[in-house]
Amino acid sequence: MQADLSPVIAATAQWLTRAFPATGGALASALCEVQARQAVTAAAWLRYPTAMDAALLDMAGPGGSGRLDRVTGADAALGDDTDAHAWRTWVDEVVASWAACLLTDPELAARAVAALADGGHGTAAPAGFRRLVAPDDSERNAAALLRHPDLLAPVADLHHNQLLDRLNPGRTLTA
């Protein structure tokens with residue numbers, strides 16, 4: 001893959017871990033961050049499956065975290081220092097929403113990781129997404145807020161249907 005999605009992945013994962021922080025110490029934070037990064041990576045690869053898609057993102061920009069901040073109430077804590085929050089301009093709302101869907105639905109996460117093999121990001125071995133698809137108890141406990149369906153619902157609901165459309169491209173539309 002020629003295009004680099006790493007700024008979007010890093011910023012969106014950071015936004016998720018700040019909005020839904022780990023419960024525990026440094027190890028819990030690291031485990032939570034890995035799970036967020038795996039979910040965001042899978043979501044970004046699904047959203048931008050080809051080098052052309054990623055190049056268009058690079059030209060147009062990801063949109064930032066403004067709406068996500070409003071939905072979660074994080075905008076109240078931002079303050080006026082825009083330089084301190086410049087990284088938020090790299091947050092992709094759709095990718096964050098899809099990642100939230102994957103974090104709260106293990107079955108959907110497994111389907112998403114399986115679908116990655118069809119994209120232009122190489123063969124995404126399911127083992128590379130183990131903490132997303134099959135977290136152990138310590139990982140689940142560390143990311144209790146990040147994986148809580150009720151807490152993530154406002155973010156996940158933003159673009160849930162688009163994720164389902166992406167994972168079920170042959171689905172018949174009904175009126």
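Helices here are DSSP runs (H or I, at least four residues), numbered from the N terminus. The model is predicted: local features need pLDDT of at least 70, side-chain atom pairs count only at pLDDT 80 or more, and totals for chains, interfaces and linings use all residues. Residues are numbered from 1 along each chain as its sequence is written, and side-chain values use heavy atoms, with hydrogens and water left out.

A kink of about 60° is centred on Ala156 in H9. The bend at a residue is the angle between axes fitted to the seven residues ending there and the seven starting there. Ala156 is itself buried (under 20% relative accessible area, 1.4 Å probe, protein chains only).

The largest nonpolar core holds 47 residues. Such a core is a set of buried Ala, Val, Leu, Ile, Met, Phe, Trp, Tyr and Cys residues joined through side-chain atoms within 4.5 Å. Trp15, Leu16, Leu46, Leu102, Leu132, Leu146 and Leu163 touch the most other members. H5 gives the largest share of this core, nine residues. Beyond its neighbours within four places in sequence, Leu16 is in contact (heavy atoms within 4.5 Å) with Ala36, Val40, Ala96, Ala99, Leu103 and Leu146.

How values were computed: Buried means under 20% relative accessible area, exposed over 50%, partly exposed in between (1.4 Å probe, protein chains only). Helices (H or I, at least four residues) and strands (E, at least two) are DSSP runs, numbered from the N terminus.
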